[in-house]
Every structure is written in C-alpha cells, then in structure tokens.
Amino acid sequence: MIVKPWGDSGFFICRHILYLLFNSPPMKIFVSLLAVVLLSSGTTRYQDNVEFVCLKTHKASNTCYFNFKVDGAKYTYVDKGCKKTKNKEETINKVKEGDLALSRDWKIECPEPKQ
C-alpha cells in the first residue's frame with residue numbers, strides 16, 4: 001500500500017501552486033526576460049579545424065557534394081542544383097564560419113588526401 005502525504009489531492013495542490021507562481025504578471029515578465037537572455041546568448045564560433053576534402057558532382061540529379069572533415073569526423077554539404085559550385089572558396093569560408101549546415105557522413109566517398 002502506497003501512503004500519499006496529501007492523499008489524492010497532492011497533485012492538485014502542486015498544480016495550484018505552480019499556477020499561482022507562473023500566472024502572476026511579475027513571474028511572466030521574469031520568465032520572458034530569462035527566455036530572451038538564454039536565446040540571445042548563443043554565439044557562433046569560427047571553426048578553424050575544418051578541412052575541405054573534395055567536391056563531387058552527380059550529373060544525373062544535378063547535385064554537388066562538398067565533403068569536409070571537422071575534428072576528424074566526416075561531414076558533407078549537399079548543393080542541389082550546383083549553384084554554389086562556381087564559388088567554391090566562398091562555400092568553404094561559409095562552412096568555416098558556421099553559416100552552412102553540414103550533415104553527418106559522406107554521401108559520395110572521396111579519396112583521402114595524402115598527408
């Protein structure tokens with residue numbers, strides 16, 4: 001047999017206390033300010049450990065695959081329509097700045113660069 005200190009009404013008491021705390025105007029302001037501070041405190045960092053490995057073009061689907069290594073892990077950027085292929089250096093710089101989203105693992109394998 002489970003003994004509940006407040007009986008079955010314990011849940012309703014806790015819910016009522018939370019309602020009183022978070023429904024008051026000062027608490028709403030505090031929670032809103034806290035959310036703004038947490039969301040605006042994120043920073044983008046420049047990644048200098050990004051290594052461009054190769055660029056492969058899939059002609060049938062008109063898709064270009066930029067393969068990168070970040071801290072030894074394989075990442076790829078897929079360019080549908082090959083719009084960014086002409087500005088390859090600009091694309092590499094955007095990846096280093098963190099402006100382009102990379103997906104994990106390579107879709108098309110590239111030969112490893114010799115060191």
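**Figure 1. Overall view of the predicted model.** Of the 115 residues of the protein, 20% count as buried. The exposed surface comes to about 9,100 Å², with carbon and sulfur atoms supplying 59% of it. The protein contains 3 helices and 4 strands, and along the sequence these follow the pattern α-α-β-β-β-α-β. Among contacts with a separation of 6 or more, 44% are between residues 24 or more positions apart.

**Figure 2. Helix α3 and its buried residues.** Helix α3 spans residues 88-97, and T91, I92 and V95 are buried in it. Seen down the axis of α3, these buried residues fall within an arc of 100°, so they line one face of the helix. An α-helix has 3.6 residues a turn, so residues three or four places apart point the same way.

Figure 3. After α3 comes G98, which has a positive phi, near 90°.

**Figure 4. The largest nonpolar core.** This core has 10 residues: V50, C64, F66, F68, V70, Y77, C82, I92, V95 and L100. Both β2 and α3 supply at least two residues of the core. Strand β2 gives the most, with 4 residues. I92 and V95, which are buried in helix α3, are among the members of this core.

Technical notes: Residues are numbered from 1 along each chain as its sequence is written. This is a predicted model: local features need pLDDT of at least 70, side-chain atom pairs count only at pLDDT 80 or more; totals for chains, interfaces and linings use all residues. Side-chain values use heavy atoms; hydrogens and water are left out. Buried means under 20% relative accessible area, exposed over 50%, partly exposed in between (1.4 Å probe, protein chains only). The arc is that of the directions from the helix axis to the C-beta atoms. A nonpolar core is a set of buried Ala, Val, Leu, Ile, Met, Phe, Trp, Tyr and Cys residues joined through side-chain atoms within 4.5 Å. Contact means heavy atoms within 4.5 Å. Accessible areas come from the Shrake-Rupley method with a 1.4 Å probe; for residues, only the protein chains shown count as cover.
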